[in-house]
Every structure is written in C-alpha cells, then in structure tokens.
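Hello,

Here is the structure I promised to hand over. Please have a look, then read the notes below.

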Amino acid sequence: MTKKEFAAQMDGVLKAVRKEYGFTQEKMAAVLGISKKTLVEIEKERSSLGWTGAAAFAVIFSESSILQERFGGELTDLVEALAFADAQPQYPKTMGGKVWWREIMKKKGYRIQQNLISGHFRLLDKENHRLMASFEMERVLERLKRELS
C-alpha cells in the first residue's frame, strides 16, 4: 500500500465515519481542519484528503470501528509504516500484537508479525518494542538479520 492508496481508502470511508460519529458536514470539516466545501468534494469523490489529511483523519478517528475493521485495528502502526517507509525510527514498546497480528517468524526472541487486515509487517524485539514496520517482508528480514548479527 502506498500513501496515495491509503489516502484514497480514507477518502472512501470519510462519509461513513462522519455518520458513525454523528457529525454534520460542518462539524466534521471543523474537526479535520478543512472547509465544508472541501469535505463535500471529498465525499463526492472529486477531491482527496491527501496523505497528510488521511494520516490526521486516521489518528483523530482511530477508535472508529469502521476504520479498525478496514485496516486491522490500531491505525497508528499503519500510518507509521507508510510514513517511515524510507526511514528507521526507534519505536517505543508495543503490547505484543494480541488481536490484529499473525506471527510470521520468531528467532532468538525477535518476532516478525503481519497485520491480518492491511498486510503490513513489523519486527518486535524481546520486550515487544517495535523496531520497524514495512509492507516489504524483505526489508523486515534484512533488519532482523542486522539485529541478530
């Protein structure tokens, strides 16, 4: 998934999430920091939130059941995987992936997991710190190899 594809998916669920939260177009536009006109254009598929707007939307409405079902739980991981696609930040500790994650591999305490909905991967250390997230398994395996050496 690319940032552009993510933004398109977020555009597609904007109206449903707005209704889930019981917001008028005016209220939703205010929450997102955009004009009502822009919101209407997005809902009519004539415009897009873009990457930045989609990321903000995901964070603001991270408790939305619509978004969680669409993307597989915690959206922060997905947004971070996209944002840090070409970077390697030092991630904080996670809860270990109890609901939305499938264990792909375990080696010397390190674990590679895959999100059941979005399909992105993450590498956790022995204390459940997320070392990286990516849609490319090869990148995760390369990082694991570096950690093991």
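Start with Arg18. Its relative accessibility is 8%, so Arg18 counts as buried. Please keep in mind that this is a predicted model.

Now to its partner. Arg18 makes a salt bridge with Glu43, at 2.7 Å from N to O. Arg18 belongs to helix α1 (residues 3-20) and Glu43 to helix α3 (residues 36-43), so the pair ties together parts that are 25 residues apart in sequence. Glu43 has 16% relative accessibility, so Glu43 counts as buried too.

That is one of several. The whole structure holds six salt bridges. Two others are worth a look.

Glu26 and Lys36 join their side chains in a salt bridge of 2.9 Å, N to O. Glu26 sits in helix α2 (residues 25-32) and Lys36 in helix α3, so this pair links parts that are ten residues apart in sequence. Glu26 is partly exposed, at 44% relative accessibility. Lys36 is partly exposed as well, at 37%.

Then there is Glu80 with Arg130. The closest N and O atoms of this salt bridge are 2.4 Å apart. Glu80 is in helix α6 (residues 75-83) and Arg130 is in strand β4 (residues 130-134), so the pair ties together parts that are 50 residues apart in sequence. Are these two buried or exposed? Glu80 has 19% relative accessibility and counts as buried. Arg130 has 6% and also counts as buried.

Best wishes

Note on methods:
Residues numbered from 1 in each chain as written. Predicted model: local features only at pLDDT ≥ 70, side-chain atom pairs only at ≥ 80, totals over all residues. Heavy atoms only, no water. Salt bridge = Lys/Arg side-chain N within 4 Å of Asp/Glu carboxyl O. Helix = DSSP H or I, 4+ residues; strand = E, 2+ residues; numbered from the N terminus. Buried < 20%, exposed > 50% of the residue type's maximum accessible area, 1.4 Å probe, protein only.
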